[in-house]
Each structure stands twice: as structure tokens, then as C-alpha cells.
Protein chains: 2
Amino acid sequence: MRVLAVEDDPRIAADLGAALGAAGLRVEFCTDGDTAWFLGDTEDYDLVVLDLGLPRLDGLTVLKRWRANGREMPVLVLTARGTWTERVEGIDAGADDYLPKPFRMEELVARARALIRRSAGRGSAVLRAGSLALDTNQMSVMRQNRPVQTTALEYRLLVYLLLNRDRVVPPTELLDHLYGDNELREVNALEAVVARLRRKLGPGVIGTRRGFGYFLEAAGDAL
Amino acid sequence: MRVLAVEDDPRIAADLGAALGAAGLRVEFCTDGDTAWFLGDTEDYDLVVLDLGLPRLDGLTVLKRWRANGREMPVLVLTARGTWTERVEGIDAGADDYLPKPFRMEELVARARALIRRSAGRGSAVLRAGSLALDTNQMSVMRQNRPVQTTALEYRLLVYLLLNRDRVVPPTELLDHLYGDNELREVNALEAVVARLRRKLGPGVIGTRRGFGYFLEAAGDAL
DNA sequence: CCCGCGCTGACAGGAGCCTGACAGCACACG
DNA sequence: CGTGTGCTGTCAGGCTCCTGTCAGCGCGGG
């Protein structure tokens with residue numbers, strides 16, 4: 001899961017990185033409104049954490065422009081002054097949730113997770129597809145009611161496939177979501193991850209459509 | 001995805017080719033405004049990357065003429081002097097996005113992808129014609145509610161025919177869309193693909209108008 | 001009846017994908 | 001601070017299946 005954190009205070013940014021990273025999310029940062037707008041408009045994030053007090057371009061404006069362009073990703077707004085009017089403005093501009101400073105990191109992580117879950121169209125913390133179950137709280141994976149040990153990378157890959165279960169996902173898109181674009185990887189790296197995951201999960205879970213990409217084929221099998 | 005890159009600086013052109021090519025796009029080049037105008041007016045591209053400083057015919061003029069002729073493909077404008085007025089002029093002339101030089105190639109690729117994605121947003125996930133159904137999410141094909149296994153090439157051919165279902169499509173046009181013009185194929189290659197597809201789909205789907213091209217004849221049959 | 005466009009089966013070359021091995025690296029532990 | 005363990009990207013090899021080419025044939029049109 002890719003998260004964009006827009007925060008100009010380096011101390012808070014560091015905390016954000018630590019907390020969200022520990023929650024199994026891949027965090028990218030930017031510190032001003034201009035680049036925030038650009039990144040959110042061109043990249044695919046699963047969540048944006050947006051501070052309102054920003055240099056160069058106000059956070060609310062950034063958010064409004066994203067929505068005007070049809071960008072639908074969930075946005076969690078942070079603000080120093082948690083006044084009621086600002087909250088209304090944030091929701092009005094298209095924010096999905098709101099957190100006044102100061103806040104406890106645990107709370108932010110919990111809300112972030114809830115937003116990602118909700119945007120996936122499910123209220124539950126468990127993603128399911130046939131005999132496959134993935135708990136986003138425990139970060140655990142079960143196949144046919146038997147636990148499967150996965151690495152962080154394998155886990156992120158599975159989550160993304162589960163969130164796009166009715167779709168064939170191109171390798172380039174998977175690479176985009178597994179790695180930052182600063183750290184480019186070859187397609188073969190992805191193939192290796194898939195191979196290792198397949199060995200752990202057994203057959204009939206991750207399918208390949210030659211020339212197109214990977215997909216989840218556990219949709220219709222019995223438990 | 002076909003991309004036209006209009007750029008007279010050979011160094012930048014080479015970089016463009018490498019970056020966009022690595023992003024899985026098929027890139028074609030031209031270096032002056034005249035041929036750019038001609039190509040953009042007669043060929044079907046999914047994206048145009050347009051440098052404004054061009055010999056023979058200014059980039060902005062080219063863009064305006066395209067739009068005046070009803071050409072709707074997304075255009076990403078590059079310019080050496082990233083002044084505010086030029087940006088306004090570009091948007092005004094019908095550009096979909098704007099990138100001032102110098103820029104990082106990753107940025108360009110990101111914007112290019114975003115533009116293609118956005119323009120692909122119009123259109124439903126399932127294409128239908130009579131008993132034929134093609135799901136662009138699952139990349140799957142159904143005939144009379146029975147799944148049909150297709151290769152990547154066959155799939156792309158079917159998509160193109162479905163998008164032009166009320167028309168006889170000349171072989172040259174199909175070749176253009178299936179392959180890049182750098183990698184030329186004979187007409188017989190296309191005939192072979194059609195033959196293989198016909199065997200999988202059964203009769204009454206792909207028709208031939210001798211001397212003109214192929215067309216979809218599944219328009220009016222029962223399920 | 002003849003010409004030529006389009007169809008088709010066979011086949012070889014190659015692209016796409018998988019897999020096992022290995023090395024670099026981070027991290028935890030002593 | 002040294003060591004070990006597990007994760008992960010890279011590489012090379014191999015396999016499957018796709019796909020362009022070729023040659024021969026059918027068939028429609030003149």
C-alpha cells in the first residue's frame with residue numbers, strides 16, 4: 001500500500017514515517033503544496049495524509065484541485081488548529097477524515113487503516129477471496145484455515161491483488177505499488193516474489209495472463 | 001499504447017524514447033511541426049508529447065489545428081521557458097498537461113501515464129456485440145456465455161474490432177494498431193491471427209469484405 | 001476458365017514466464 | 001561489535017506457448 005504524506009514539519013514527518021512504516025505501509029513524503037498536488041495528481045496512492053499548513057500552495061486548495069480532477073483516493077487531513085470551521089472546510093473540500101493536532105500516532109494509524117479498508121469497499125479488516133483470508137490488522141494470511149508465513153513484500157503484493165481481485169493487474173502497476181519510483185526494479189524481481197508466494201500458497205491462487213499480468217484466481221474455490 | 005513524440009533535439013528525443021519505451025509505450029518520433037501536424041491528424045495516438053519550439057511550424061499552432069479538426073487525443077506540452085503566460089497559452093490551445101524544461105524523465109513518464117489513464121476513463125468495462133462479450137478488466141472474452149481463451153495479440157485485435165464495430169477496418173489500419181511501424185509485419189501475419197481467432201470464436205463473428213478489410217458481424221445474432 | 005486475394009496447416013524461432021542458486025544487505029541477537 | 005539469519009534482487013537456464021513465415025489451396029470475381 002502506497003501512502004503519500006504531505007507534511008512540512010520534519011519532526012512530525014519522521015514520526016509519520018515510522019508509524020505508518022511499522023504498520024506495513026510504504027510511505028513517500030513531500031513538504032510543499034506544489035509537489036503534493038503534482039504527485040497526487042499523477043501517481044496512484046492508496047491514501048494521502050495531508051497537513052493543511054503548507055508552503056507555496058495551501059493544503060485545502062491542493063485537495064480541491066485533486067477532487068476537481070477526479071482523483072478519488074482517500075485523504076486524511078491534519079491541522080494544527082482544530083477549529084470547527086476548518087473541519088467543515090476540510091470535509092467540504094473532499095477530505096475523508098480529519099485529525100486535529102496534537103494527536104497520538106496510534107490514532108492516526110488506526111484511522112489510516114480504516115480509510116484504506118473503507119476505500120476498498122469493505123468495512124471488515126479481513127480481505128477474503130475463496131479459501132484465502134488476509135487480516136489487515138494482524139497482517140496475517142490464511143489459506144484453507146491454515147496460517148501462511150509471508151514476508152512484508154509478499155504481503156503487500158497479496159493485499160494489492162485482493163483489492164483488485166476482479167481485474168488483471170499489469171506488472172508495471174504492481175511494480176509501481178510495491179516499490180517507490182525512485183527505486184526502480186526489473187520485472188524479474190516481481191516474478192521472483194510471485195514465485196515465492198506461489199510456493200507458500202499452493203496452486204490456484206495467483207494466476208498469470210500471459211502478456212497482460214497477474215490476477216487472483218481464488219475467487220470461486222471452496223474452503 | 002501508441003505515443004507520438006514531437007521533439008527536434010535529438011538528445012532529448014533519445015531520452016524520451018528510452019523512458020516511454022521502458023514504461024511499456026510504443027513511441028514514434030517526428031522532429032518538425034509540419035509532419036507532426038500531419039501525423040497527429042491522420043494517425044490514431046493515445047498520447048502526444050509535444051515540444052513547443054519546433055522548426056517549420058510552431059507547436060502551439062499545430063495543437064490548435066488538431067483541436068480545430070476535432071482530434072481529441074491527450075497532449076502533453078513541453079517548453080523550454082516555463083513562463084506563466086506560455087502555460088496559459090498551452091492550456092488555452094487545448095493541451096491536457098504542461099511540463100517546463102528541464103524536467104526529470106520520471107516526472108514525464110508519470111504525467112504521461114496519468115493522461116493515458118484519465119483518457120481511458122471514458123468507456124465501460126465490458127464491450128458487447130451480440131453473443132460476444134469482452135471484459136476489459138479481466139481481459140477475458142466470452143462467446144455465447146462460454147469463455148474463450150485468447151492470446152494477447154488476439155485480444156487486442158478483438159478490442160479494436162469491437163471499438164469499430166459498425167465499420168469495415170482495412171488491414172493496414174489493424175497492422176498499425178497491433179504493431180509499431182518500426183516493426184513492420186506483412187499482411188499475412190494479420191491473416192494468420194484472424195484465422196486463429198476465428199477458429200476459437202466459431203463462425204459468424206469476424207467477417208471479411210474482400211478487397212476492403214475485416215468487420216464484426218456478431219452485431220445482430222442471438223445469445 | 002483463369003487470376004489473385006484471402007484462408008489454413010505446418011513449422012521454426014523467439015518472447016514471456018518460471019525457477020533454482022547465489023550474493024548483498026538489513027536487522028536482531030549475543 | 002561480530003555473527004548469523006532471513007529477506008530479496010539478480011542471473012542463468014529452461015520450458016511453454018505464442019506468432020510470423022511459408023507454401024499450398026479454395027474460392028470469388030471477372
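Modeller: A term to begin with. Helices (H or I, at least four residues) and strands (E, at least two) are DSSP runs, numbered from the N terminus. This is a predicted model: local features need pLDDT of at least 70, side-chain atom pairs count only at pLDDT 80 or more, and totals for chains, interfaces and linings use all residues. Residues are numbered from 1 along each chain as its sequence is written, while chains are lettered from A and ligands numbered from 1 in the order in which they are written.

Colleague: Which elements supply the surface near DNA strand D?

Modeller: α6 (152-163) and α8 of chain A do, together with α6 (152-163) and α8 of chain B. Each supplies at least two residues.

Colleague: OK, what about DNA strand C? How many residues surround it?

Modeller: 18. The closest are A:Ala195, A:Thr208, B:Glu191, B:Ala195 and B:Thr208. The surface near DNA strand C has six nonpolar, six polar and six charged residues.

Colleague: Switching topic. How many residues of chain A are in contact with chain B?

Modeller: Twelve, and they meet eleven residues of chain B. On the chain A side, two are nonpolar, three polar and seven charged. Contact here needs C-beta atoms, placed from the backbone, within 7 Å.

Colleague: Now sheets. What is the strand order in the five-stranded one of chain B?

Modeller: β2-β1-β3-β4-β5, an open sheet with parallel pairing. Two strands pair if DSSP finds at least two bridges between them.

Colleague: Why do β2 and β5 of chain B each have one side without a neighbour in the sheet?

Modeller: β2 (26-30) and β5 (97-100) of chain B stand at the edges with a single partner strand each, so one side of each stays without a neighbour.

Colleague: Inside that sheet, how many bridges pair β1 with β3 of chain B?

Modeller: Four, in the parallel sense. In β3(B), B:Leu50 is the bridge partner of B:Val6.

Colleague: And the four-stranded sheet of chain B, parallel or antiparallel?

Modeller: Antiparallel, in the order β6-β7-β8-β9. Its edge strands are β6 (126-129) and β9 (146-148) of chain B.

Key: Two residues are in contact if their C-beta atoms, placed from the backbone, lie within 7 Å. Ala, Val, Leu, Ile, Met, Phe, Trp, Tyr, Cys and Pro count as nonpolar, Asp, Glu, Lys and Arg as charged, and the others, Gly among them, as polar. A residue is near a molecule or strand if its C-beta atom, placed from the backbone, lies within 6 Å of it.
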